Each structure stands twice: as C-alpha cells, then as structure tokens.
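Here's a quick tour for anyone meeting this structure for the first time. Have a look at it, then read on.

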Amino acid sequence: LISACEKGGQWEKAVELFDELQRRGLEPDVVTYSALISACEKGGQWEMALKLFDELQQRGLEPNIITYSALISACEKGGQWE
C-alpha cells in the first residue's frame with residue numbers, strides 16, 4: 001500500500017499508513033522504509049526522507065540499493081547536494 005501511495009503521489013497517506021503499521025505492533029522492514037523514502041522523494045520531502053533513513057539505521061536495518069537511490073533522489077530534488 002505504501003508503494004501504491006508513492007506511485008500516486010500521496011506521500012502524506014504513505015506516512016499515515018506507516019504510522020498505522022507501527023501502532024498495530026508491526027515492525028517495518030527495509031522494503032517498507034525504502035517505499036516510504038521513495039514516497040517522500042516524490043513529494044519533495046527530503047528532510048523526512050533523511051529522518052526515515054536515520055530511523056532505519058537506528059533500528060539496525062541495512063539499507064539496500066533501492067533505499068540509497070530513493071534517498072539520493074530526495075536530496076537531489078531538495079537541492080541538498082552536500
């Protein structure tokens with residue numbers, strides 16, 4: 001569902017679903033985080049993307065190529081080159 005929101009440009013809905021997932025006691029995995037970071041990228045929310053990336057690492061999850069690609073795109077769109 002988070003990926004569907006991303007494809008539809010509904011980053012805010014993707015965040016809501018992510019929060020709901022956690023409220024129900026489910027632990028997000030790297031795929032879930034990557035999809036949400038990608039949704040934030042599409043919505044121009046580079047700061048949120050960085051926050052989620054930090055959270056992913058704090059949970060002990062390993063980012064993958066998709067995670068890094070989405071994060072780089074989010075920063076590029078936000079003009080955050082450094």
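Is Ile-72 buried or exposed? With a relative accessibility of 57%, Ile-72 counts as exposed. The cut-offs are these: buried means under 20% relative accessible area, exposed means over 50%, and partly exposed is in between (1.4 Å probe, protein chains only).

## Before we go on

This is a predicted model, where local features need pLDDT of at least 70 and side-chain atom pairs count only at pLDDT 80 or more, while totals for chains, interfaces and linings use all residues. Residues are numbered from 1 along each chain as its sequence is written, and side-chain values use heavy atoms, leaving out hydrogens and water.

## The overall picture

Helices here are DSSP runs of H or I with at least four residues, strands are runs of E with at least two, and the numbering starts at the N terminus.

Along the principal axes, the C-alpha atoms fill a box of roughly 35 × 30 × 20 Å. Of the 82 residues, 37% count as buried. Now for contacts (heavy atoms within 4.5 Å): among those with a separation of 6 or more, 57% come from residues 24 or more positions apart.

## A look at helix α2

Helix α2 has 13 residues and reaches 19 Å from its first C-alpha to its last, close to the 18 Å expected at 1.5 Å a residue. The expected span is 1.5 Å times one less than the number of residues. Its buried residues are Trp-11, Ala-14, Val-15 and Phe-18. They cover an arc of only 100 degrees around the axis, which puts them on the same side of α2; the arc is that of the directions from the helix axis to the C-beta atoms.

What covers these buried residues includes α1 (2–7), α3 and α4. After α2 comes Gly-25, with a positive phi near 85 degrees.

## Rings that pair up

A pair of aromatic rings is described by the distance of the centres and the angle of the planes. Rings of Phe, Tyr and Trp (its six-membered ring) pair if their centres lie within 6.5 Å; planes under 30 degrees apart are stacked, over 60 edge-to-face, and the rest tilted. That rule gives a count of two aromatic pairs. The rings of Phe-18 and Tyr-33 have centres 5.1 Å apart and planes at 70 degrees, so this pair is edge-to-face. The pair links distant parts of the chain, with Phe-18 in helix α2 (residues 11–23) and Tyr-33 in helix α3 (residues 30–42), 15 residues apart. Both Phe-18 and Tyr-33 are buried.

The rings of Phe-53 and Tyr-68 have centres 5.6 Å apart and planes at 55 degrees, so this pair is tilted. It also links distant parts of the chain: Phe-53 sits in helix α4 (residues 46–58) and Tyr-68 in helix α5, 15 residues apart. Phe-53 is buried, at a relative accessible area of 9%, whereas Tyr-68 counts as partly exposed at 38% relative accessibility.

## Back to Ile-72

Ile-72 is found in helix α5 (residues 65–77). From Ile-72 to Tyr-33 is 39 residues in sequence and 14 Å in space, C-alpha to C-alpha.
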